[in-house]
Structure formats: structure tokens, C-alpha cells
Amino acid sequence: MTVSTAALILDRCDELATHSALPGGLIERVYLSPEHAAVNALAADWMKQSGLTTWQDAAGNQCGRLEGATPGLPALLLGSHLDTVPCAGRYDGILGVLLAIAVADRVRVSGRVLPFALEVVAFGDEEGTRFGTTLLGSRALAGTWQPEWWRLRDAHGVTLHEAFLAFGLDPARVAEAARSPQDLVGYLEAHIEQGPVLDDSDQPLAVVTSIAGARRFQITIDGAAGHSGTPWSLRRDALAGASEAILAIEDIARRANLIATVGHLRVFPDAVNVIPGRAEFSLDLRGQFDAERDSAWEGIEAALSDICSRRLLTVHSVQTHSAPAAHCSTRLREAVADGIRSSSVAGSVSTDAPSLLSMAGHDAMAVAAVTEIGMLFVRCAGGVSHHPDESVTEADVDAALEAVEAAVLAVVDAQPFEGSAA
């Protein structure tokens, strides 16, 4: 019995899931780890089977290339990432890489002559699980690598610089991973939605319009620790202040139609009969437009200051991450929409393919610094992601495969051959 390409992709997702640092079938695969090396080797083998020339770049991203009409032409990049969060699902990022390999194989088998090269890139670090700074692989490709990152340490005290060396990479050569705008035609990424919109609307695919910009902060509120018998009038309870602050953050973000998440909270001295003297918490603030997000942060800062002043507390915040919103180009959005309309799911979508804003971050937002980007979302059951219950169907994977291939060919049809009249 012939196995469909979509079924093969799902089998490969299962195979990649076996390369994990966690026991019991749970998945964790972080940047510059033995598991990273193992999945790069698998991806390289699958790229070679699809007729691609392969290499691992200077930042540990696994790459493959199918030449166009003549060697050395600029490339249209297809890809996503192979790293995961702790206790991850098996499709976030991984599905996009395997779809890219399969599309490149289909284009090669078709014999279609391309006016550009087609490249597949499997990024090594999108999640930021190991070193706390996201998009390291795609930022290296985009040429936005920051020297201060070499001092980042993982949970075991290993620096990023040390991890590069242990992986067999030369930190001094990381700039060689960078691409120039002249060498690229654009970037297309397929990814599970990581939200319930497609599932709720019974739609398998959607065009991504833009990726929300994110800012992250570490916020510390200081008061005074004391015995739990201390009268109310003498208390300077840092946790009570943090609690009011977190509710204020939620209110400000809701009114601004933004997303704000406090995902980490730590209390000192953390004893049942001691008033907390310090509370530390994180804030992840996201929005479609940077100006609106930044305005909300200013409102949050003012609210924190007011709350702490009333409660005789002090507050200090440090920004730990900032990524501007990334808007998909009209050209590539139209190519993705054409791809969806020409796929086998065309009968289940309207004339205008569904369009969604991505509140989750993706490698595309880093690549946007060097070339135009486009994205396609694939339905994920219940919108569940970053969890072992992550699930997609073979039918939806098949539809995504058709849509990405058609999107690539739409870019081909719109791109003149080198030396031809525009």
C-alpha cells in the first residue's frame, strides 16, 4: 500500500518526537543539545532524499537547497523550527519544516524550472527554552545576532559561547549564518495555529496577516517582611501589591485589546506565617501594533507606580525581551491565499481565504528583518499547543502541503526569470 506524503510527514513527526531529553514519551529538545544534533541529522537525510544540497550553518540551523534555472540565484526560503518547549507537542515548528522538505521534493519531481532557488531551513532555536532569549537561529540568519548573547547561561550554568563550542560550532563565525536581502526572494512558513479559531470555524487553513510584537519584563515589588500578626496599618505586603498590580495589568490590556500574561511569580521569604517582603513576576505583553502595545506599557507603568505608592512599596522593572510586530507582505499573503484557494480544501473556504493575526511568535518575525515574509496556519485540534495533546489530522496536513506548494508556484509565476523583461 502506498503511503501518502501527509502520512509520511506525520510518521516523521513521530520519529522526531523520540529525540527528547525527557523520559516517558514527553518531548523536550533544546538548542545545541545532543537531541538538536540528532534531529538535524535526520532532517539533513530527508533533505538529501528530496534532492537538496545540505549544510548546517554557523548558528546550527539545518539547511537544504534546490537550485533554480541557473546556480547561485536568490532563494525563496521555506521552513520553521525543530526545537521545543518542555513537555511539548510534536507539531509546533516541526510540521512546518517537514512540509517545506516535502514541497521542495514535489517541485524537484515536477521538473518545474524555477526563476530562483528553493531553500529549506530548520531553525535550531525558536522557543528560547535553554537560554531564555527566543529566535536565536532565525536572528542569526537575519543578521541580527547580538554579541551580549554569548554571556547567556542555561539552567546548568553553561554559557551560550560554551554551548556553541561543545556543539562543534565556532562562535567567531556566527555572522556567516547571516543572509543578505539580495540573496533572498522571501520566506514562507507553515505552522499550526496555536489557537482555536480554525477549529471552532471548521476551517483547515488560514492566511496569517501579521505576527504580534512582544515585550517581556521582569517586575520586582519590594515591601517589608514581617510577622503575620502585624496589624494592617503597619503592613507593607509585596504580594498584596503584586496581586493588585497583576489585576490592573489584565484590565489595561483587555481595554486596549492586547494580550498580557503573567506566567511566573515568586515570593520572598515564602513562609506561611511571614508577610512577603518581595514579589517578583514576569509580564509578556503582545499586540498587533507596536505603538498600541507601548502605550499600554506606559499605562501599566503608571498603574504600578500608583499602586506601590499607596501601599508604601517600591517597584522596579527590567525589559528582558523586545520584538517588533512583523507584517506579512501583500505579495506573499496573496500567494498563500492563492495556495489555499487552489488546494483540495477550496470548496470549504470562501473566495477570500480566512485571515488571522498570530499572537504567538514565530521565526518569520525574525526573518522579516532581512526579507518579506508570508505564513500559513494549519488547524490544531482545540487550539491546544505547547502540550503533549497537540494534534493535527492527515487531511489537514495534506491540504497544507497542497497549499504551500501552490503558494510557491504562485511566487514562481509572479517572478521573472533573470535577464527577462520585467
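**Words set against values**

Student: Why is Q203 called buried?

Tutor: Q203 has a relative accessible area of 15%, and buried means under 20%, exposed over 50% and partly exposed in between, with a 1.4 Å probe and protein chains only, so Q203 counts as buried. The model is a predicted one, in which local features need pLDDT of at least 70 and side-chain atom pairs count only at pLDDT 80 or more, while totals for chains, interfaces and linings use all residues. Residues are numbered from 1 along each chain as its sequence is written, and side-chain values use heavy atoms, with hydrogens and water left out.

Student: Where does Q203 lie, and how far is its C-alpha atom from that of R379?

Tutor: Q203 lies in the loop between α6 (197-200) and β6 (205-211), where helices (H or I, at least four residues) and strands (E, at least two) are DSSP runs, numbered from the N terminus.

Student: What makes D202 exposed?

Tutor: D202 is in that loop too, between α6 and β6, but its relative accessibility is 57%, so D202 counts as exposed. D202 also has a positive phi of about 55° although it is not a glycine.

Student: Is L32 buried or exposed, and what is its phi?

Tutor: L32, which is found in the loop between α1 (5-17) and α2 (34-49), has 7% relative accessibility and therefore counts as buried. Its phi is positive, about 60°, although L32 is not a glycine. Most residues other than glycine have a negative phi, and most peptide bonds are trans.

Student: Which peptide bond is cis?

Tutor: The bond that joins F268 and P269 is cis, with omega about 5°, and P269 lies in the loop between β10 (265-268) and β11 (274-275).

Student: Why is S228 called partly exposed?

Tutor: S228 has a relative accessibility of 35%, so it counts as partly exposed. S228 is found in the loop between β8 (226-227) and α7 (238-255). With neighbours within four places in sequence left aside, S228 is in contact (heavy atoms within 4.5 Å) with R235, N273, V274 and I275.

Student: What makes a group of residues a nonpolar core?

Tutor: Such a core is a set of buried Ala, Val, Leu, Ile, Met, Phe, Trp, Tyr and Cys residues joined through side-chain atoms within 4.5 Å. The largest nonpolar core has 59 residues, of which L76, L95, L118 and L376 touch the most other members. Beyond its neighbours within four places in sequence, L376 has contacts that include E189, A190, L205 and V336. A second, separate core of 25 residues includes V121, Y187, V208 and A326.

Student: How many cavities of 30 Å³ or more are found, and what makes a space a cavity and not a pocket?

Tutor: The search of the whole structure finds one. On a 1 Å grid over the protein atoms alone, a cavity is a set of points where a 1.4 Å probe fits but cannot get out, whereas a pocket is an open set with protein on both sides within 12 Å along at least five of seven lines, and lining residues have an atom within 4 Å of a point. The largest cavity has a volume of about 90 Å³, a volume being the space filled by probe spheres set on grid points joined across faces, edges and corners. It is lined by 15 residues, of which L188, E189, A190, L376 and V404 are the closest to its centre.

Student: How do you know that the largest pocket lies between the domains?

Tutor: Domain 1 (6-212 + 325-414) and domain 2 (220-323) both give residues to its lining, so the largest pocket lies between them; the domain bounds come from an automatic or database domain assignment. The C-alpha centres of the two domains lie 36 Å apart, and 11 residues of domain 1 are in contact with nine residues of domain 2. The largest pocket has a volume of about 1100 Å³ and is lined by 42 residues, with E127, T134, R216, D284 and R286 nearest its centre. The strands that each supply at least two lining residues are β7 (213-222), β9 (259-261), β12 (278-287), β13 (314-323) and β15 (355-358).
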